[in-house]
Amino acid sequence: MAIESREDIMNILEGITYPGFSRNIVSFGMVGDVTIENGSVQIELKISSSDENKKQQVVQEVRDAIKQEGVSDVSISLVDPVESGSSQSIGGPGGGQAAQQGAGDPWADHHAIPNVNHVIAVASGKGGVGKSTVAANLAASLKEQGHTVGLLDLDIYGPSLPTLFGITDQPYLTQDERIAPLEKYGLKLMSFGNILGDDSPVIWRGPMVAKMVDQFLNGIDWKALDYLILDLPPGTGDVQLTLVQKIEITGAVIVTTPQELALQDVKKGANMFRKVDSKVLGIIENMSYFKCPHCGEDTDVFSRGGGEKESHRLEVPLLGRIPLQTEVMEASDRGKPIVLSEPESAAAEAFNNIAQNLAEQIR
Ligand SMILES: Nc1ncnc2c1ncn2[C@@H]1O[C@H](COP(=O)(O)OP(=O)(O)OP(=O)(O)O)[C@@H](O)[C@H]1O
Ligand SMILES: [Mg+2]
């Protein structure tokens, strides 16, 4: 086919999808100016992504596709619509308006998430204490109590939501090019895992993580929500910092296990929210005691009282204690949180009480 017009170019480029998405780069609005002159073709690509590899992959694919049509002189320029100040929103993986960051003062565009009543961060300074399990079950409990609930997994390094809900689909983009959340068990769900896939190594640091999180926090079309639960990665790194700088959250709940060793890290997590004047709504003590499936007896595996101690220190309520139960882990691994799969269990009861306490605390 002879290339004669912009339309010819667009037809060819419609065959190229943005890496990790099923939509093509034309529909994302990534193709800017096109010039065809004396048998040479110049194409401007507007991609605002922190992932240099993806940009280069698109450039290469565009070049190859045009060359395949017999054009040997192809030049491609990349512009960042955010940095260049273009008002065009390309949404999706490139970000567009969602990625606009206040230059200089990182707190400059601190704002609420539109149409979301309460944003609750589930956090802890420590890894593996059950943040993701708690976030998923809290979301499910609040939904069972009649609220409209979304769950956003912000763990860019080790997303859990795809496993916890058995959902690996990729999201599609709405007409105004925002990410439509996935839905399961009546909850709205989104995770970096659903965008990045299982095996993409996460090598981003500092500013790239901040940009990605910012886009994610702003680029999802939740419609109206009573509660948005955020599952945070462990620690007090870039994700947490971006969150508190950019988004007005209702507050954080801090998850801990009862033993002293866990509490040291948990203190750091709670202190971070305090320092930036975000409310700590309460402490949740997970794996508080072992519920024996045979005799029904409770055993304090990790000693006792840690959550209570921390709640006194912070002068916030202990929202509840969750037993260590094999069924909690099994339910998570099967992709249906225990609150939904075994609502009569001791753990589900604990989660339901915590959700109620949390809702009351917010009121
Ligand atoms: N109450 C519980 N009873 C039994 N198993 C639990 C309980 N809470 C969490 N687990 C299990 O412990 C493991 C760690 O939990 P989870 O992934 O929720 O922790 P996390 O704090 O989110 O970890 P990370 O810091 O890696 O994000 C998982 O296998 C989970 O199923
Ligand atoms: Mg987690």
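Two strands pair if DSSP finds at least two bridges between them. Helices (H or I, at least four residues) and strands (E, at least two) are DSSP runs, numbered from the N terminus. This is a predicted model: local features need pLDDT of at least 70 and side-chain atom pairs count only at pLDDT 80 or more, while totals for chains, interfaces and linings use all residues. Residues are numbered from 1 along each chain as its sequence is written, and chains are lettered from A and ligands numbered from 1 in the order in which they are written.

**Stop 1: the three-stranded sheet**

Select strands E1, E2 and E3, which form an open sheet in the order E1-E2-E3 with mixed pairing. E1 (31–37) and E3 (73–79) are the edges, each with a single partner strand, so one side of each has no neighbour in the sheet. Neighbouring strands here are turned by 15° against each other on average, direction ignored. Angles in this tour run from 0 to 180 degrees between N-to-C directions, and axes are lines fitted to C-alpha atoms, for helices over the stretch in contact.

Zoom in on E1 and E2 (residues 40–46): they run antiparallel and are joined by five bridges. Pick Ile36 and its bridge partner in E2 is Val41.

Contact here means that the C-beta atoms of two residues, placed from the backbone, lie within 7 Å.

**Stop 2: the eight-stranded sheet**

Select the open sheet of eight strands, ordered E6-E7-E5-E8-E4-E9-E10-E13, with mixed pairing. Its edge strands are E6 (182–184) and E13 (318–321), each pairing on one side only. From one strand to the next, the twist averages 25°.

Inside this sheet, E9 (residues 251–256) and E10 (residues 280–285) run parallel and share five bridges. Select Ala252 to find its bridge partner in E10, Val280.

Helix H12 (residues 346–362) packs on the sheet, touching E4, E9, E10 and E13, and its direction makes about 175° with that of E13. Show H3 as well: H3 lies across E4 (116–123), E5 (149–153), E7 (187–191), E8 (225–231), E9 and E10, and runs at about 170° to E8.

**Stop 3: helix pairs**

Keep H3 and H12 on display; they pack at an angle of about 75°, with axes 9 Å apart. H3 is therefore roughly perpendicular to H12, a label for angles of 65 to 115 degrees. Asn137, Leu138, Ser141 and Leu142 in H3 meet Phe351, Asn352, Ile354, Ala355 and Ala359 in H12.

Next, select H8 (residues 260–275) and H9 (residues 306–314), whose axes come within 10 Å and cross at roughly 30°. H8 and H9 are therefore roughly parallel to each other, the label for angles under 35 degrees. Glu260, Ala262, Leu263, Val266 and Ala270 in H8 meet Gly306, Glu310 and Leu314 in H9.

**Stop 4: ligand 1**

Finish at ligand 1, which is surrounded by 21 residues, the closest being Gly127, Gly130, Ser132, Thr133 and Met329. A residue belongs here if its C-beta atom, placed from the backbone, lies within 6 Å of the ligand. Helix H3 (131–144) and helix H10 (326–334) are the elements that give two or more residues to this shell.

Terms used
Angles under 35 degrees count as roughly parallel, over 145 as roughly antiparallel, 65 to 115 as roughly perpendicular and the rest as oblique.
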